[in-house]
Amino acid sequence: MPARVEALTLERPRSLKAALSMLARNPALMPIAGCTDVYVSMQFGTMKPQRFIDLWSLDELRGITVKGDTLTVGALTTYTGLIESRHVVRRLPMLVAASREVGGVQIQNRGTLGGNIANASPAGDTLPVLAAANARVVLRSSQGRRTVPFEQFYTGYRSSVRRPDELITAIEFPAIRGQQWWRKVGTRRAQAISKVMIAAVRGRDVRIAFGSVGPTVILARQAAAVLQTGGSVADAQAALLTEIAPIDDIRSTRDYRARVAANLLAQFWNNSR
Amino acid sequence: MRFTLNGRARTVKSHPMKRLLDVLREDCGLTGTKEGCGEGECGACTVLIDGVAVDSCLVPAAHVEGLKVITIEGAAKTRLGKALQNAFVEHGGAQCGICTPGMILAAAPLKPGASLHEIKTALAGNLCRCTGYPAIFRSVEAALTRKKEVIRARAR
Amino acid sequence: MLYGATIRSTIPCGKITRRRIDLPAGFIVADHRDIPGKNYVALIEPDQPCLAEEHVRHVAEPVLLVAHHDKHGLIGIERHVTVDYAAATPNYDPEKSDLCFKRIAIDKGEIDRGLRNADVVIEGEYRTGHQEQLYIETNGVIAVPGDGQMTVYGSLQCPYYVHKALVVLLNLSPDKVRVIQTETGGGFGGKEEYPSMLACHAAILARKAGRPVKMIYDRVEDLIATTKRHPSIVRHRTGLTRDGKLMAVDIDVVMDGGAYATLSAVVLSRGVIHAAGPYRCDHVRIRGRAMMTHTPPNGAFRGFGAPQTQFAVEAHMDRIAEQLGIDPVRLREINALKPGDTTATGQHLGDDASALPVLREAVKRSHFTKKRRQLKGTNRGIGLSLFFHGSGFTGGGEVKLASKASLELTATGARILVASTEIGQGTRTMHAQIVADALGIPFDAVDVHEVDTEFVPDSGPTVASRTCMIVGKLLERCARDMKKRLGRQTPAQYFRAHGPFTVTAQYEPPPGLRWDDERYAGDAYGSYAWSCNVVELEVDPVTFEVTPINITAVAEIGKAIHPMMAIGQIEGGTAQGIGFALTEEVVMQDGRMANAQLTNYIIPTPLDAAPIDVAILERPYLHGPFGAKGVGEMPIDGPAPAVINALRHCGYDVRSIPATPERLLTARR
C-alpha cells in the first residue's frame, strides 16, 4: 500500500460545472479518473499524497461524436471505449492499435485518454498518435473553454500548458487523409512501458511522431519534411536522430532507442504508400 | 458506500481512496482477491465491476458506489465462472493457485468460440509464474467448450 | 495482533554509527540486543546476522524492527527510525573479492594429458545474471508467542529450516518452537531459506511485544531484500579431436554469493557437478568458487547452480560444433553419456542414463535437422540444448538429512505426515497417489496432515527435486509396511479392531552409493533425470526483439507419478528458463536493485507464451517410488542455452544472458 490513505482527501463533484468551480477555488486539487497511475505514483514516490478531485462519474466527459470532419472523444473515454467505438475504429485505427497495447484488459477498462494526456509521461501510449493525428485538446475552466493544438500542449518533461484550474474535457481529431501507422516497442507483448514508439500518417502531408525518445512526445518535423519532399529514408533517419533525445534508463539504452527509432521510421516508410 | 457484492447489497464505511482490494479483503472479509504487486501488473487482484475486469489494487472504494462487484467468491454467478473453476481443476490450470482467482475473473467475460489469441489477450494482464500458461489456456478452452455444449444442450 | 516492518541498511557496506528512533508511544522497536539466543540465521555458516550489530554488508540488510497495531501506521516508518553509517568502499565484483565462501575442485584423469592429445582447444567465457524467483505471493509470516514458546505460521518451503533458525535465535528447546506452513503461493526456492530470516524477525517482535506479529512484504521490499539466483562467470577450455570427441574439459566457475554465505556452498556444488554437461570425457578439471560481494545475499532458485553452468557448457558446445564444422546434434551424439559411462565425478551410470533417447526424440519431434538447414540465412533460428539434473541432495547430503516420513492409520484410510510442503508442484496429490497405490486403497482414503512441526517428522526441505524421489520413496516404504501389518484387513476393519498405529521410515542410501567429499568424487546423486530442449525463434530485424515460436521439451524422469502435474512442472520451468534467457534482468545500481517493480522486472505474460511440445520418457530408477526420479528443477536448466544456440544459428553471437534486444544490437556476426 502506498501512502497512508488517511492523508488523502477526495472531492466528488456531481457535475463538470461543480468540478470546475472547485478547481477555481482550489487549483491544488489533483484531478483523477481511472486511477491506473495514481496509486502507483504515490507508492513509488513520484507523486505526493494530496487532495484529489474525482472526475470518474462525470458523464459529460464521456461520449464519442462525429460532426462533419471532426471526431470528438470525451476525455473520460477509456482505452476499451476507444477500441469498441466504431467511429474510432473507422477514423483512427492507429488510436485503436495503441489502446490495444496499453497494459492488459484491466488497465484498458479503466485508463482514460484524458488521463494519458494529463499524466504527461514521455512514454504515454496515445501521445504519439495524437501528435501524428494533429489532434486538439479541449480545456475548460470556470472561465471558459479553449482548444490547444496537441503539438503545442507540452512544454517540457511532464509539463503542459494546462493551468491548474483547467480540465481536459475532450480531444478533437480532424479527418485524417492518408495511411495511419503505429508501432510500440516494449519489454514484452503486454504490460509493457514502451521503449520506443512511432505513430505516423502518410498522405499528402506526412506527420511522424515518436514516444519514449525525449522528455515528451516528439513530432519529427524534419524527418517528415525530408520524406515528404522526396528525400531518402537514410536522410530522413539522419534528420530524425537530430530531433530525438533518447536516454539510458533501467529499461533500455540510448543507443538502442536511437537505432530502433531510425529502423521504425524506415519500416513505416517502406511499408506504407 | 453502497454497492452490490457477489449479488448482495453491501454497505461499507471506508475512506473513499481506500483501495477496493483492501475493502474487499479487510472490510468484507473476502480474501480470495490477492495482492501480488500493488501496481496493476500481475492481475492477481482482478475483480469484475459491472462485468468488466479491473485491477482492484488500483480502484478507489468511491468508484464502486452503486455498481456490481464480483470477486472469485462470486465467480459462479458469472456465465462462465463455474465452468472455469471446474476446468482449472481438471486441466491443471492451477498449481499454487495464487494467480487463479484473477485468471478466472479475467477469463469470465470471454464468449464461447473465443480463439486462443482472444483468450491470451483477455489474460494478458494476469501473470502466472508456476504454469508457464499452456495449462491455463487449456483450462479456459475447456471451459468455453463445455459452456458451448451446455448452451447447445439447453437449446435442444 | 501487531504488524511488523523492517528498517534496512541504505548503504552497501559500512559501520553503523547511530540508531535514531523518533516515535510516539504505541510502537515497539527491536534491535540485535533483543535477541535472546544467537544473532545469526542458522543455515550452514553462522555468518548472517538476523539484525546487524556494528556493520552492514549490503543494501537492505536488516538493522531494526518496528511493530505497531495498525499496519497503515507503519507506512513511512523509515522517516522516524533512521540509522547513520560511516560508509566503506563496497566491492561488487566477485572476481575481485577477498572473501571466498566455498572452493571446490573436481579432477578426473589428467587434464594436461587430455589437452595434449587434443587436436584443437576451444575456449569461451559465459555469464549469467541475477534472476528473481517472482512467486506471485510475496514472503510473509505470523509469529505467535506463548509462555516460553514461539509458533510461526508462514508461506514457506522448509518448516524445519525455520524451526532450526528459531531455536538458535530464541535459545528455546526444539519442543518449544512450532512452525506451520500456510498455503503458499509459489516458492521456486525463493522460500527455501529466506523465510527463516523473516520468521526470526517476526518472532523477535512477537516476543518483545508479547503479542502476535504479522509481517508481509510488499513486492518492492521482497524484490529488493530477498534472495536471487547467483550470477555466474563460467570459463571453458575444451580439447577435442578433429571429429568432435571430447578429450579434455577444463572449467572455471565463479559464483557471486552476495554478502553472506547462505546456500552458496551448495549452489556451487551443484553447479560444478553439472558443469561438464551430460558428456563423457576421461580428463576433467573443474574449479569453482563462490565469492562474497556487497549485494543482498543470493540463494536458492530452481536449478540451484545447474542452470548457470549448463547454460555455459551448452552454449560452448554449439560454438565448438561451429568451429569444427560438425552438426550440433552429431557433436552431442558422439559425446553424450551412455549407460556404463562415468560422469565428471566418476559416477557410473546405470541403464536409466537417457541422454541419447531424449536427444533423438527432441530432434525428431522438432524437425530440428530439416529446420536447421531451411532456416539458415533467415530471421529465424533453431537451437538445442542437452542437459541433466541430479535428484536429491548431493553426495552425502541425504544421509546427513536423515529424512523421515510417517504414515498413520485412520478410521477411513491413512494419513500422511511429512514436512514436504505443497507449493504448487502437487506434493499432496503425488504423495497420496504413492501411498494409495502402495497400500492398495482408494486415493480419496488418503489424507495429508497440515505441515506443522508439532505433528510431522523432519522429511528434509522441499527442494532439490527430492520430494517425490526421496520422500515419496519413504512414504512408499511406510505404505508397504502398513500393508503388511494390515494383512487382509482394510484400514477401517483394522482400525475398528485395534485402533490406529503409525509407521515411520527413515532415509537409507541405496546400496553401493559412495561419495568422497574430500576429493569431490564418486556418486554425486542417486539418480539423474535427462532432458533435451529445442527452441525455434525469430529475431525482428527492426527491433531485435526475440520471439520464441516453438519450444520442444523432452524429459526422461523415471516415472511420471501424475503425468499432468509432471507436464505442468516442465511447462512452468521451461517458461522460467525462457525468461532467464531473454528478459529477466536485475539491474543493480550501487548494490541495490534499481528495477524493483513488476513493471520493470520482466517475466513473460500470456501474450509472450510460445507453445511448448512436451514429451515424457520413462526409464525407471530402481530406488525411486514406482521408478520416479526428480522433475521439478531440470526444466529450467535447458531453455537458455537452446535460445542462445538458436540465436547463434540466425547470426547473433551472445555469451551472456539475458539476451535482450539491447544486447543483440551489438551481437550480430
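What follows is a conversation about a predicted model with several chains.

Visitor: Before we start, what should I know about the numbering and about which parts of the model count?
Guide: Residues are numbered from 1 along each chain as its sequence is written, and chains are lettered from A and ligands numbered from 1 in the order in which they are written. This is a predicted model, in which local features need pLDDT of at least 70 and side-chain atom pairs count only at pLDDT 80 or more, while totals for chains, interfaces and linings use all residues.

Visitor: Okay, chain A: how is it divided into domains?
Guide: Chain A has domain 1 (5-54), domain 2 (59-173) and domain 3 (179-270), with bounds that come from an automatic or database domain assignment. Taken over C-alpha atoms, the centres of domain 1 of chain A and domain 2 of chain A are separated by 19 Å.

Visitor: And how many residues are in contact between those two?
Guide: On the domain 1 side of chain A there are 15 residues in contact with 18 residues of domain 2 of chain A, where contact means that the C-beta atoms of two residues, placed from the backbone, lie within 7 Å. Helix α1 (residues 16-25) of chain A gives the most to the domain 1 side, with 6 residues; helices (H or I, at least four residues) and strands (E, at least two) are DSSP runs, numbered from the N terminus. By class, that side of domain 1 of chain A has 10 nonpolar, 4 polar and 1 charged, counting Ala, Val, Leu, Ile, Met, Phe, Trp, Tyr, Cys and Pro as nonpolar, Asp, Glu, Lys and Arg as charged, and the others, Gly among them, as polar.

Visitor: What about the whole of chain A, how much of it is buried?
Guide: Buried residues make up 54% of the 273 residues in chain A, a residue being buried if 20 or more other C-beta atoms lie within 10 Å of its own, exposed if 12 or fewer, and partly exposed in between, with C-beta atoms placed from the backbone. Chain A has 11 helices and 14 strands, and its C-alpha atoms fill a box of roughly 55 × 45 × 30 Å along the principal axes.

Visitor: Switching to chain B, what are its domains?
Guide: Chain B is divided into domain 1 (2-74) and domain 2 (76-155), and their centres, taken over C-alpha atoms, are 21 Å apart. The contact takes 19 residues from domain 1 of chain B and 15 residues from domain 2 of chain B. On the domain 1 side, the largest share, 3 residues, comes from strand β3 (residues 46-49) of chain B.

Visitor: Which elements of chain A touch chain B?
Guide: In that interface, 23 residues of chain A are in contact with 25 residues of chain B. The elements of chain A that give two or more residues to the side touching chain B are α2 (38-43), β3 (51-54) and α6 (105-108).

Visitor: And between chain C and chain B, how many residues does the contact take?
Guide: It takes 28 residues from chain C and 26 residues from chain B. The largest share of the chain C side, 7 residues, comes from helix α14 (residues 563-582) of chain C, and by class the chain C side has 13 nonpolar, 11 polar and 4 charged residues.

Visitor: Where is R129(B), and which residues of chain C does it touch?
Guide: R129(B) is in the loop between α4 (116-123) and α5 (134-155) of chain B, and it is buried, with 28 other C-beta atoms within 10 Å. Not counting residues up to four places away in sequence, R129(B) touches L134(C), Y135(C), I136(C), G186(C) and I603(C).

Visitor: Why is helix α3 of chain B largely enclosed?
Guide: For helix α3 (residues 100-107) of chain B, 8 of the 8 residues are buried, so it is largely enclosed by the rest of the structure. Among the buried residues are P101(B), M103(B) and L105(B).

Visitor: Last one: which strands pair with β15 of chain C?
Guide: Strand β7 (residues 100-108) of chain C pairs with β15(C) in the antiparallel sense over 8 bridges, where strands pair if DSSP finds at least two bridges between them. Strand β14 (residues 246-258) of chain C runs parallel to β15(C), joined by 9 bridges, and D252(C) has R287(C) in β15(C) as its bridge partner. In strand β15 (residues 284-292) of chain C itself, 8 of the 9 residues are buried, so it is largely enclosed by the rest of the structure.
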